[in-house]
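Please have the model open as you read.

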Amino acid sequence: MSPPLSNEPPASVILADEPAADDAADIAILCEDGAGKLRRDIASGQPQDTSGLIRFVVSPDSELVPDLLHKLPGRGLWVACDRASLDLAVRRHIFSKAAKRQVTVSPALSDQVHGLLRRRCLDLLGLARREGAMINGFEKTLAAVKSGKCAWLVEASDGAEDGRRKVMAALRAQSFAAKVCGCFGNAELSLALGQENAIHAALVDGRRVQRWSFEMKRLSGFEPLVPAHWGPAAEPT
């Protein structure tokens, strides 16, 4: 989308956040399938759907704070959800320019956001398991894949190749392939799921799938979701 030629943005483009009254709508957008509100990416200057942006606010102490859930009060500063865009915004002091005040920005902002996104994804896995939407263990995961109930296959990045190869082969044999996550290690998955030695897991269809897919799409702006040597895998949409 090209930026408007006049000084007035189109009705669907919101250049600045409304106060707290708009927070509920922003949170709802995180779960919507399809287009949401448009915000101006301060790094590129282009309006983008909020699903592809990270929101930041400036604290009373003039510190930049990531707002992953889009609910903190205050005027939002939006940047495309990828490392290159955040690094550019930090390097060129774009946050201070957009806020029209001096803003304290951590030089490790990209790493901070990356870590928050990883934590968010792992927390959602734990929540899915408590709700009965997560299956783990080799045999149960393999059965979920073969039955077509698996929406996301989650494999530990440091798991044994033999088991992973069998599960992945079963996945590729399906007419509708589940998406694959291979960016978390055994220790991380075990802690998130509250079980020992979590290597293979399947997120089954349900209300958590859309939120998990949304967060994984954002995480993909900072790291590959599947190691290259694993071969082809379905990417999140």
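Across the whole structure, a search turns up 11 salt bridges (a side-chain nitrogen of Lys or Arg within 4 Å of a carboxyl oxygen of Asp or Glu). Before going on, please note that this is a predicted model, in which local features need pLDDT of at least 70 and side-chain atom pairs count only at pLDDT 80 or more, while totals for chains, interfaces and linings use all residues. Residues are numbered from 1 along each chain as its sequence is written, and side-chain values use heavy atoms, with hydrogens and water left out.

One of these salt bridges pairs arginine 83 with aspartate 111, with 2.9 Å between the closest N and O atoms. The two residues are 28 apart and link distant parts of the chain, arginine 83 sitting in helix α2 and aspartate 111 in helix α4. Helices (H or I, at least four residues) and strands (E, at least two) are DSSP runs, numbered from the N terminus.

That leads us to how these helices pack. The axes of α2 (residues 83–91) and α4 lie 9 Å apart, at an angle of about 145°; axes are lines fitted to C-alpha atoms, for helices over the stretch in contact, and angles run from 0 to 180 degrees between N-to-C directions. Arg83, Leu86, Asp87 and Val90 of α2 meet Leu109, Ser110, Asp111, Val113 and His114 of α4, where contact means heavy atoms within 4.5 Å.

Now follow α4 (residues 109–130) to another partner, helix α8 (residues 207–219): their axes come within 10 Å and cross at roughly 160°. The two helices are therefore roughly antiparallel to each other (the term covers angles over 145 degrees). On the α4 side, the contact includes His114, Leu117 and Arg118, and among the α8 residues are Arg208, Arg211 and Trp212.

What does α4 lie across? It lies across β7, β8 (150–155) and β10, running at about 90° to β7. These strands belong to an open sheet of 4 strands in the order β7-β10-β8-β9, with mixed pairing; two strands pair if DSSP finds at least two bridges between them. β7 (134–136) and β9 (179–181) stand at the edges with a single partner strand each, so one side of each has no neighbour in the sheet. From one strand to the next, the twist averages 25°. Finally, β7 and β10 (residues 200–204) run antiparallel and are joined by 3 bridges, and isoleucine 135 has alanine 202 in β10 as its bridge partner.

Definitions and conventions
Angles under 35 degrees count as roughly parallel, over 145 as roughly antiparallel, 65 to 115 as roughly perpendicular and the rest as oblique.
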